[in-house]
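Please read the following account with the sequence and the structure side by side.

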Amino acid sequence: MTERVTLITGASAGIGTELARVFAANGHRLALTARRADRLEALANELAAKGGKKPIVIACDLQEADAGEKIAAALAAEDVELDHLVNNAGFGVFGDAIECDRDEQVGIVDVNVRALTDLSLRFADQLIRNKGGLLNVGSVAGFLPGPGMAVYYASKAYVISLTEALRAELAPRGVRVTVLCPGPVPTEFQARAGVGSGHNTALLNVPASDVAREAYRGLMANKRAVLPGLGIKIVPFALRFFPRGFILSATSRFQRQRR
C-alpha cells in the first residue's frame, strides 16, 4: 500500500515550521518544501529525532513555473501520495504598488495564487482517494482592501474565495477543506515584506505555535475557516457594519503608520 504523507509548503520558517511540528506530533509522515534546503534538513532531523520517519525534503522555489511538477516528481520517486496538503507558502511586499518592484509583486501572485492553485488541483485526486484534508493559509488581510500592500491583500482574498469554493466541491467526496486566516504573527514575514515598526499590533499578535495548533484542530474538525485570536475573530463580523469606502480609508491610514 502506497504510503501517505502530508505536504507542507513554506516549511522552513514561521507558521510553516510550527505546522510541521504539530502534524508530526499527531503522527503524520511529512513532506516539506521551501527554498532553503538547509533549514528543511534541520527541521526534518529535529522531527525524526522525536520518533517516527524522517520527513521527505523537497527544496523548491514556488515562484518557478514548473515547481508543481518538481514536487510531484519528488513525491512519486519516494512512492508516496498525499492525504493532506497544507499550502502555507506566501509572502508580501510593503509599499504603494506603483512604487514597488513589479517583478517582486508578480512573484507574490506566483507563490500565493498560482502555486497554491496548482498544488490544490494537482493533488485533489489523491486527497479524494485518501479522504484527507486541504489547509490553505490565507490571512485576515483577505477580508480587506489593502493599499500599502495591495497585491498581497488581493492574493489572500483569492485564497479565501478559492478555498471556500473547493470546500463546497470536495466535501461530498470526503475531503476536509479549511482556510486559515491569521492576523499579525511574529515571524520573518514582516522583515521580508519590509514592514516598519511605526504601528504596534502587539494586542493582535498570536504566536506562530498557537496559530499552528488552532489550524490543525480546525482542519481535523472540518471547520470552514480558522481565525486565531479573539481580536481577529471579530474582524469579518465587524466589517459588515462599515461602508467599503470607510474601510478603504481606514486601512490606508493604518498601513501608512507602519512605514
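Which strands does helix H3 lie across, and at about what angle does it run to S3? In this predicted model, helix H3, residues 67-77, lies across strand S1 (3-9), strand S2 (30-34), S3 and S4. The angle between H3 and S3 is about 155 degrees.

The chain has 11 helices and 7 strands. An open sheet is formed by 7 strands, in the order S3-S2-S1-S4-S5-S6-S7, with parallel pairing. Strand S3 (56-59) and strand S7 (225-226) each have a single partner strand and stand at the edges, so one side of each has no neighbour in the sheet.

S2 and S3 run parallel and are joined by 4 bridges. Within this pair, threonine 33 has isoleucine 58 of S3 as its bridge partner. In a regular strand, side chains alternate between the two faces of the sheet.

Now turn to a pair of helices. The axes of helix H4 (residues 102-122) and helix H6 (residues 150-170) come within 9 Å and cross at roughly 10 degrees. Because angles under 35 degrees count as roughly parallel, H4 is roughly parallel to H6. On the H4 side the contact includes Ile108, Val109, Val113, Leu116 and Leu121; on the H6 side, Val151, Tyr152, Val159, Leu162 and Leu166 are among the residues involved. The residues of this contact divide into 11 nonpolar, 5 polar and 1 charged.

What does a search for disulfides find across the whole structure? It finds 0 disulfides. A disulfide is a covalent bond between the sulfur atoms of two cysteines. As for burial, cysteine 60 counts as buried because its relative accessibility is 6%, and cysteine 181 is buried with a relative accessible area of 0%.

Two figures describe the chain as a whole. Of its 259 residues, 49% count as buried. Among contacts between residues at least 6 apart in sequence, 72% join residues at least 24 apart.

Notes. Residues are numbered from 1 along each chain as its sequence is written. This is a predicted model: local features need pLDDT of at least 70, side-chain atom pairs count only at pLDDT 80 or more; totals for chains, interfaces and linings use all residues. Side-chain values use heavy atoms; hydrogens and water are left out. Axes are lines fitted to C-alpha atoms, for helices over the stretch in contact, and angles run from 0 to 180 degrees between N-to-C directions. Helices (H or I, at least four residues) and strands (E, at least two) are DSSP runs, numbered from the N terminus. Angles under 35 degrees count as roughly parallel, over 145 as roughly antiparallel, 65 to 115 as roughly perpendicular and the rest as oblique. Contact means heavy atoms within 4.5 Å. Ala, Val, Leu, Ile, Met, Phe, Trp, Tyr, Cys and Pro count as nonpolar, Asp, Glu, Lys and Arg as charged, and the others, Gly among them, as polar. A disulfide is a pair of cysteine sulfur atoms within 2.5 Å. Buried means under 20% relative accessible area, exposed over 50%, partly exposed in between (1.4 Å probe, protein chains only). Two strands pair if DSSP finds at least two bridges between them.
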